[in-house]
Amino acid sequence: MSTGLQTRFSASLPSALTASRIVAALALLFTEAFSSTFLVIYLWCGASDVLDGILARRLRQESDFGAKLDSLADLVFSAVLLLVLIRTLTWRVWMYLILCLVVLVRLAALAIAALRFRTFASLHSWANKSAGIFLFLLPALYLLWGLSVAVLVVGLVCLLAATEELILVSRMEELDLNTRGLALQKRSPGT
């Protein structure tokens, strides 16, 4: 493979994996929840989420576009997962309230980032990564603990991550999509 073609292929591979997660997530809407087909597609969504970042770093192809595409893929996957679980399982009113609160805080953070930085911004903080892992594990946690405990734990983790993002985008002087988070930020002397 020529060097130019190889460079273009490697540059597009992480983004192609991310785009495949969007397509796979949407395919989940058309499969029976918890069926073997659903689980294969679901596992691909998780694997592609891990692989695209690893490949982007290894190939030195990290970019704002890739970060935004990854955030969009995460948003699509999360929304589809919640839609599937809501239409499949019996949710209580308090569960919807937690979900609505997380969505409202996330939308506020997105709106503030859009106003302050004039771009779509979803941070790749450790809290957001943790929330993503917990959200991905929601079906397994449901099978282990039942719906109430799973939704409570995942909902609280997601609410904490959304609140941190709201605080971060409100305080940032410059947009840093790859910020580590509030607890892991370097503190200046005397603060």
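Visitor: What makes the place of R118 a loop between two helices, and which helices are they?

Guide: R118 lies between helix 4 (93-117) and helix 5 (126-145). The model is a predicted one.

Visitor: Why is R118 called exposed?

Guide: Exposed means over 50% relative accessible area. R118 has 70%, so R118 is exposed.

Visitor: Where is R60, and what is its phi?

Guide: R60 is in the loop between helix 2 (36-58) and helix 3 (64-88). Its phi is positive too, near 55°, and R60 is not a glycine.

Visitor: How do you know that R60 is exposed?

Guide: The cut-off is over 50%. R60 has a relative accessible area of 76%, so R60 counts as exposed.

Visitor: Now the inside. Which residues of the largest nonpolar core touch the most other members?

Guide: They are L28, F77, W91 and L138, in a core of 38 residues. Helix 1 (3-28), helix 2, helix 3, helix 4, helix 5 and helix 6 (147-171) each give two or more residues to this core.

Visitor: What does W91 touch?

Guide: Leaving out residues up to four places away in sequence, W91 touches L82, L85, I86, Y96, L147 and V151. Contact here means heavy atoms within 4.5 Å.

Visitor: Which residues does the second core include?

Guide: Among its eleven residues are A67, A109, L123 and M172, and this core is separate.

Technical notes
Residues numbered from 1 in each chain as written. Predicted model: local features only at pLDDT ≥ 70, side-chain atom pairs only at ≥ 80, totals over all residues. Heavy atoms only, no water. Helix = DSSP H or I, 4+ residues; strand = E, 2+ residues; numbered from the N terminus. Buried < 20%, exposed > 50% of the residue type's maximum accessible area, 1.4 Å probe, protein only. Core = buried A, V, L, I, M, F, W, Y, C linked by side-chain atoms within 4.5 Å.
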